[in-house]
Amino acid sequence: MHAGQLLLRKAGSALLTIGFVLVLNFFLFRVLPGDPARAGIKDPRMTRAAQAAIHQRFGLDKPVLPCLASLNPLRRGPCLVNPLQTQFFIYVNNLLHGELGISYHTKIPVGQLLRARLWNTAVLLSAGQTLAIVLGVAGGVLAAWQAHTRIDYAALIISLVAWSLPTFWLGLILLFWGSRYAGLPIGGQLTPGLAAAGTWAQFTDAARHLVLPTLTQTIIYLAEYLLIMRSTMLDVLAEDYILTAKAKGLSTFQVLKDHALRNAALPIITIVALNLGFTVAGAVQIEAVFSWPGLGQAIFESVARRDYPVLQGAFLLLAVSVIVANLLADLLYSWLDPRVQAAL
Amino acid sequence: MALAGAGMLLFALGLAVFAPLLAAEDPRRALLATSYAIYAAPSAQHWLGTDDAGRDVLSNLIFGARVSLTVGFFASFISVAIGGSIGMLAGYAGGATDRALMRFTDVVLVIPDLPLAIVLVALTKPSLFNIILVIGLVGWTGTARLVRAQTLAVKQRKFVHRARAVGASDWRIITRHIFPLVLPLLVVNTVLVISLAILEESALSFLGLSDPTTVSWGQMLNYAFSRGATSSGAWWALLAPGAGIVWVVLGCTLLGYGLEQILNPRAKAHHLMRQAAPQTSAAQSASSAPADALLEVRGLSVDFVAPQQPPAHAVQDLSFALRPGEIMGLVGESGCGKTTLILSLLRLLPAAGRITAGQVLYRGRNLLALPEAQLAAVRWKEIAIVFQGAMNALNPLLPVGRQIAEAVERHDPAATNAAVARRVGELLEQVGIPAARGRQFAHQYSGGMRQRAMIAMALACDPKIIIADEPTTALDVIIQAQILELLNTLRQRLGLAVIFVTHDLGVVAEICDTVLVMYGGVAAEYASVDAVFNQPQHPYTRALLAAFPDFSRQQNALVSIPGQPPRLHALPPGCRFAPRCSSAVAQCHAQQPRLLRVGAEHYASCHLLQPTLPAGGAIPQPA
């Protein structure tokens, strides 16, 4: 199968999944208690005209689905609603135009609100994940190479313990230690009042704020990547082609680099992509501990405020990111492993 | 490890069950706290200090175990029941059902667990029941995928086909045949799901979504965090509840990891593990081997060691010599030590293999005494190996040509890229593979091409010796003939010496000059090919030849050697072949025979033979 075909097929499948997520997401927030249409207009500061405008814009005055009314046994009758005039259609139509709705609470468009939050979370996640992947892979290779030695057992035990740590608790402990003994800030992104300072001062301050959240994330995920890398590496190093490479006179380093690492890295790619969903779960906890204004914090705040448009938008954004990450991982995988293309 | 984990969990369970007896105070009791009782440091009265409301942290900790374990067990029960059913149904039904269920699973999988749980718990009511239900309902996707994969694998087994053939109902097949084989995996997975559920519960209650009528560890942390434990330095209020969570989750992790190791044991060793230094006699004793010998092996012994087991003597006191241009056949049943022998020549043994005695002299240099770096320079440049099973011996992710080029570059660092490419093309053409196919991968080759590519790789550095481990097994006769022809040509043109490991006595008769017959790790007979085929001396060699079908004579039945090859862990005290030998006498069962010189260039180890010459020169000298 050609690379192009593969891309099309995978992308098609991803689009289909996004479609299903869209439907699920839409109905999830319709069946939950606290109807968005009613919750949104409770704000007494809004004028009636403004309420009507929002209602019309998001079709909140329309039925949810074309024939939902006709399913009611007491009001049986023909389905008279124009399918284009339903909440679902309007929702999808708005989405296609990049409209995610307006936050009930802050009255800011959800897209705009989430963009800033997503950026903050991305900064937090990318720093921690990069460190965790690099150190985890290196540690896993080392542990597998030194299998059944003290180094290996130490790495194994430390990883199993680290894997068992609740993210938020590790964050708390680091926060306690860092703020008391290492002089690091207890949370937030930037020390208040520093906005007027120079670029360099701002940069170092931001970096200092990043240290503890990043460290928390690195430790939690390092353990997982190390364990996976170690076990795949152990399998790979027992393969016959490793013996061939060694018999050719290659040094241990060359064998590890050219023959083992690439073969063992394949599962990690899938795991990292699949993990994206879980890393967001971790981000919720880390952001709560360190008051980091990210996506997780936004979700948490919106739950308390019943801010459904924000929640709906955040869920969609997260699901789409995970799907896209999986798509990229699939493509990367098939690019790295020539057998995948042959098997399709 | 599994035991340690189970112990930790049982301890936590004990705490939870006997909480009212163990705890100093009931956390639900109303308490009028005075300000000095808040965040009191650990003392004799409060071993773990007090919290923000002046309550005993230790008592809270003990009661907290109840919530964690309850949520962990019940939520994971829901998850595993849903995931297990969906996975088994999808795997068993296949087709459209499978696609629909897996698509559904994918959709649920991409919605992040914790945020979803937060929304659901917050919008319903954070009661213990709701928390269990929500965690159970969002956490089943992993189980579904795992169970589906396992069901698919089990479904292909013969007994499932058989059950279906005799008309068993689907329900019966699933419950009686598939479920028992999915169960072990499901148990391991359940332990993991429990730990995830406990982590999730603690995260939810830390975020303030806990049942206010109970005490949980996450909730204690929530109060401590939001009510100034950090700023007042009350480390005990932060440390203790977290330690509780870690204790339970680590218990699950260890139990799960340990069970997984038992269920699915991994290879204990790999090819890059540190090797034990070979024991070799450094002294260069006077050699009785021919002066022009290229390779001389003297008294080589290899043991395989495993903890709590006697060492297995895989090769014992083995000697032979190889001259330029000579092809030596190495024959013997599977497990007689042939592969161990050839791997030990270049010290490529697995980690459990120990060279306990002997010398491997290549042009007079003892390879067993060389430092690793110098030995690496000998590997492939002087002695190359054609491994058995080319599919596995080639790296699946590197183009075949690249793997050949690698050998050239290693031993000729000065070669330009163009020269290396030219050489690779040449080598492939030499074994009948178009040079352009060097860019392809092993899976794009046929079995015969892979085998020939391995040979091309072995020839890459113009080695003086090639060790070919069953290079023609599993190849069709035409390819086999081509490969033998190629080796023969190279032997004549380049003076290449070959050690040819094979089961095929026909091939031995065709191309070999000498034959080394191994049995149970020792040399049974060692002689020129003529002598072995025409005057076999050792009873094993005779039996081996008799078992080889001879198409020139009318033969009604295939002859086989009765019995089994010896187990290397429990070798017979006398001759290793004695238990299967038809002419064994009492001495054969008591004493191990020495290798005797029984003819001009003929050696055999058997008590029934008379040495023609005193066996003074221990090193046999073939023709």
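Guide: In this predicted model, four strands of chain B form an open sheet in the order 2-1-4-5, with antiparallel pairing. The edges are held by strand 2 (312-322) and strand 5 (365-366) of chain B; each has a single partner strand, so one side of each is left without a neighbour in the sheet. Within the sheet, strand 1 (residues 295-304) of chain B pairs with strand 4 (residues 353-362) of chain B in the antiparallel sense, over eight bridges. In this pairing, Asp303(B) stands opposite Arg354(B) of strand 4 of chain B. Helix 12 (residues 338-345) of chain B packs on the sheet, where it touches strand 1, strand 2 and strand 4 of chain B. The direction of helix 12 of chain B makes about 65 degrees with that of strand 2 of chain B.

Elsewhere in the chain, the pairing takes the parallel sense. Strand 7 of chain B pairs in this way with strand 6 (residues 383-386) of chain B over four bridges, and Val386(B) has Ala468(B) as its bridge partner in strand 7 of chain B. Strand 7 of chain B also pairs in the parallel sense with strand 8 (residues 497-501) of chain B, over five bridges; there, Ile466(B) stands opposite Val498(B). Five of the five residues of strand 7 (residues 465-469) of chain B are buried, so the strand is largely enclosed by the rest of the structure. In a regular strand, side chains alternate between the two faces of the sheet. Ile465(B), Ile467(B) and Asp469(B) point one way from strand 7 of chain B, whereas Ile466(B) and Ala468(B) point the other way.

Turning to the helices, helix 15 of chain B packs against helix 17 (residues 447-458) of chain B at an angle of about 20 degrees, with axes 9 Å apart. That angle makes helix 15 of chain B roughly parallel to helix 17 of chain B. The crossing of the two helices is right-handed. Val400(B), Gln403(B), Ile404(B) and Ala407(B) of helix 15 of chain B meet Ala453(B), Ala456(B) and Met457(B) of helix 17 of chain B. The residues of this contact comprise six nonpolar, one polar and no charged.

Finally, there is the partner chain: 60 residues of chain B are in contact with 63 residues of chain A. Helix 11 of chain B gives the most to the side of chain B that touches chain A, with 10 residues. By class, that side has 41 nonpolar, 11 polar and eight charged residues.

Key
Residues are numbered from 1 along each chain as its sequence is written. Chains are lettered from A and ligands numbered from 1 in the order in which they are written. This is a predicted model: local features need pLDDT of at least 70, side-chain atom pairs count only at pLDDT 80 or more; totals for chains, interfaces and linings use all residues. Two residues are in contact if their C-beta atoms, placed from the backbone, lie within 7 Å. Ala, Val, Leu, Ile, Met, Phe, Trp, Tyr, Cys and Pro count as nonpolar, Asp, Glu, Lys and Arg as charged, and the others, Gly among them, as polar. Axes are lines fitted to C-alpha atoms, for helices over the stretch in contact, and angles run from 0 to 180 degrees between N-to-C directions. Angles under 35 degrees count as roughly parallel, over 145 as roughly antiparallel, 65 to 115 as roughly perpendicular and the rest as oblique. A crossing is left-handed if the near helix is turned anticlockwise from the far one by less than a right angle, and right-handed if clockwise. A residue is buried if 20 or more other C-beta atoms lie within 10 Å of its own, exposed if 12 or fewer, and partly exposed in between; C-beta atoms are placed from the backbone. Two strands pair if DSSP finds at least two bridges between them.
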